[in-house]
Amino acid sequence: MAFARLAEAATPTARIGLGLAAVGRPGYINLGRGRDLPADRTVDAMRERAHELLDSAYERGVRYVDVARSYGRSEEFLADWLRRRPDARDVVVGSKWGYTYTADWRTDAEVHEVKDHGVATYDRQLAETRLLLGKRLDLYQIHSVTPDSPALTDRALHDRLARLAGEGVTIGLSTSGPGQGDAIRAALDVTVGGEPLFRTVQATYNVLETSAGQALAEARQAGLAVIVKEAVANGRLATAAEAPPEVTAIAEETGTACDTVALAAVLHEPWATVVLSGAATVGQLASNIAAADVELDERQLARLAGLAEAPGAYWRHRSSLPWA
């Protein structure tokens, strides 16, 4: 499996990955985005920012990069960087299909992405991904699976995914919404030819949204690699201006920053294989990566555990955040 290559690095930083959702397109759901990105978010400016982040991440020991068809030009930016960095052969590349980017490089688009987990979308988007990433694609994930997704029951789709697995690409899924646990458990039951189809799961998990924790532990026990996204809750845990007082206090106690504490809390979960940084600046990336060296004590972890919100309330809040 692709993620076995990360074990070869055997460093704490290898448990942190870089997601390019925030820099692959001009608009995204993230607080503080206006101050994080260039005022003129041209394709070239965003490509340059993505490459700065990739260079910095690689030099700091990050070896997993996460992109998606719906993250604007993230696959293109990554493909350009990989061609420019022939030394980066040890990078594990994961992408996702299932959402189509429709904003046409605008931040004020009425609809930014359209979801479809059908076979026709898979066939089209796999061809698009292959055109850009070619044989560098290590992991292909169904994007944002919910318990009612047809991707969990479509046998024709499962057969196609199994064929891709036979070519050496690891098959995974990402989840979202208040029913993540149910979606993860349903995915664990999907088999093709008597073999489990999914080998990785990516889910939202942070100190405000912990509802998928038990299901993620079960997935890890079943042998899946677990990728955590949105560890700073789309910016809600990133800075003292937004984070709960408990997070700010622990950041002061540890001599770090709020985002560092948020990632460190997730890294303390034994089932977490990789925790994604969604940094938009090199400074944010450095602060995120610092989490690999932070040890939180039981008292601090208990205080953070008390911040968990009801899943429905968390996801309603997330859906109210503007694209910026």
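This is a predicted model: local features need pLDDT of at least 70, side-chain atom pairs count only at pLDDT 80 or more; totals for chains, interfaces and linings use all residues.
Where is the place of Trp105? I found Trp105 in the loop between strand 4 (99–101) and strand 5 (113–115).

**Entry: backbone angles**

I looked up phi for Trp105 and got a value near 60°, positive in a residue other than glycine. That made me stop, because most residues other than glycine have a negative phi.

Which other residue did I write down? Ser144 is not a glycine either, and its phi is positive, at about 60°. I then checked where Ser144 sits, and it lies in strand 6 (residues 139–145).

Is Ser144 buried or exposed? I have Ser144 at 8% relative accessibility. Buried means under 20%, so Ser144 counts as buried.

**Entry: strand 12**

Next I went to strand 12, which covers residues 274–277. I sorted its side chains by direction: Val274 and Leu276 point one way, Val275 and Ser277 the other. In a regular strand the side chains alternate between the two faces of the sheet. I also checked burial here, and all of Val274, Val275, Leu276 and Ser277 are buried.

**Entry: partners of strand 12**

Which strands did I find paired with strand 12? Strand 1 (residues 16–19) pairs with strand 12 in the parallel sense, over three bridges. Within that pairing I picked out Gly17, whose bridge partner in strand 12 is Leu276.

Strand 11 (residues 225–229) also pairs with strand 12, again in the parallel sense, with two bridges. I looked for what stands opposite Val274 of strand 12 and found Ile227.

Definitions and conventions. Residues are numbered from 1 along each chain as its sequence is written. Side-chain values use heavy atoms; hydrogens and water are left out. Buried means under 20% relative accessible area, exposed over 50%, partly exposed in between (1.4 Å probe, protein chains only). Helices (H or I, at least four residues) and strands (E, at least two) are DSSP runs, numbered from the N terminus. Two strands pair if DSSP finds at least two bridges between them.
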